[in-house]
Amino acid sequence: MSTFSTRIAAVQDRVQDALADMKPRDRSMFIGLVLFAMVGVVAGSIWWMRSSIADLESRVADRQDTLRRIEILAADNAAAEEEFDALSKRLASHAGVDVSSFLEKAAEKVQIREKLDSVRKTTETDDGIVIESVYTVKISRVDQQELAKFLAEVEGQDMPLRIRSFKVRLRKRKGETALDVDMDISAFKVAAGDGGEEG
């Protein structure tokens, strides 16, 4: 018999001797107290285990939520990179186009070349990714239809341009109505390009 078994047997003998010496009423109270303590220990253990499991489940749910957010951010980042690559290719495809020449050709195509007074580059900003060049465009004595055709021609060529400001003055002369137009147009190109002209 091992030492542990011997000790258990000795404890059992002591408990039996103690119970034998007790009155029946004291013995019942003692046994009830022991049973109550055992039930308390078991109930406390169950409560602690459930609390630990709930805490672990909460942590797992938090980690899963964090993982979902990371996956969403990764997908958004991939989409943004694809969009940036597409825009970079578009900008690069027009990097060699001179904006002034492009606008003059558009005006000639819609037959208002003589009404295009000037195309002048005013400012240029470089944010390290994209270079934005602003051109001031002046058109005089056009009618609404001619202006609409010119704008449609400019926008229909997929050039990386954006109209920043648009001012129209009405001019009446000899019963005829014409428009004088001042526009600021931004042209964009990739900052890390190969040094082509603005486009």
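**Close-up 1. The largest pocket of this predicted model holds about 220 Å³ of space.** A pocket here is an open set of points on a 1 Å grid over the protein atoms alone, where a 1.4 Å probe fits and protein lies on both sides within 12 Å along at least five of seven lines. Its volume is the space filled by probe spheres set on the points, which are joined across faces, edges and corners. Helix 2 (24-93) and strand 4 (176-190) are the elements that give two or more residues to the lining, and helix 2 provides the largest share, five residues. Lining residues, those with an atom within 4 Å of a point, include F84, L87, R90, M159 and F188. By class, the lining has 10 nonpolar, one polar and one charged residues; Ala, Val, Leu, Ile, Met, Phe, Trp, Tyr, Cys and Pro count as nonpolar, Asp, Glu, Lys and Arg as charged, and the others, Gly among them, as polar.

**Close-up 2. Four strands make an open, antiparallel sheet in the order 1-2-4-3.** Strands (E, at least two residues) and helices (H or I, at least four) are DSSP runs numbered from the N terminus, and two strands pair if DSSP finds at least two bridges between them. Strand 1 (116-126) and strand 3 (161-173) are the edges, each pairing on one side only. From one strand to the next, the twist averages 15°.

Close-up 3. Look for T136 opposite D184 in strand 4, and for L116 opposite I139 in strand 2. The hairpin of strands 1 and 2 has three residues between the strands, and there G128 takes a positive phi near 95°.

**Close-up 4. Helix 3 (residues 99-109) lies across strands 1, 2, 3 and 4.** The helix runs at about 150° to strand 1; axes are lines fitted to C-alpha atoms, for helices over the stretch in contact (heavy atoms within 4.5 Å), and angles run from 0 to 180 degrees between N-to-C directions.

**Close-up 5. R164 and E132 form a salt bridge.** Their closest N and O atoms are 2.7 Å apart. The pair joins strand 3 to strand 2, 32 residues apart in the chain. The structure holds 11 salt bridges (a side-chain nitrogen of Lys or Arg within 4 Å of a carboxyl oxygen of Asp or Glu).

**Notes.** Residues are numbered from 1 along each chain as its sequence is written, and side-chain values use heavy atoms, leaving out hydrogens and water. In this predicted model, local features need pLDDT of at least 70 and side-chain atom pairs count only at pLDDT 80 or more, while totals for chains, interfaces and linings use all residues.
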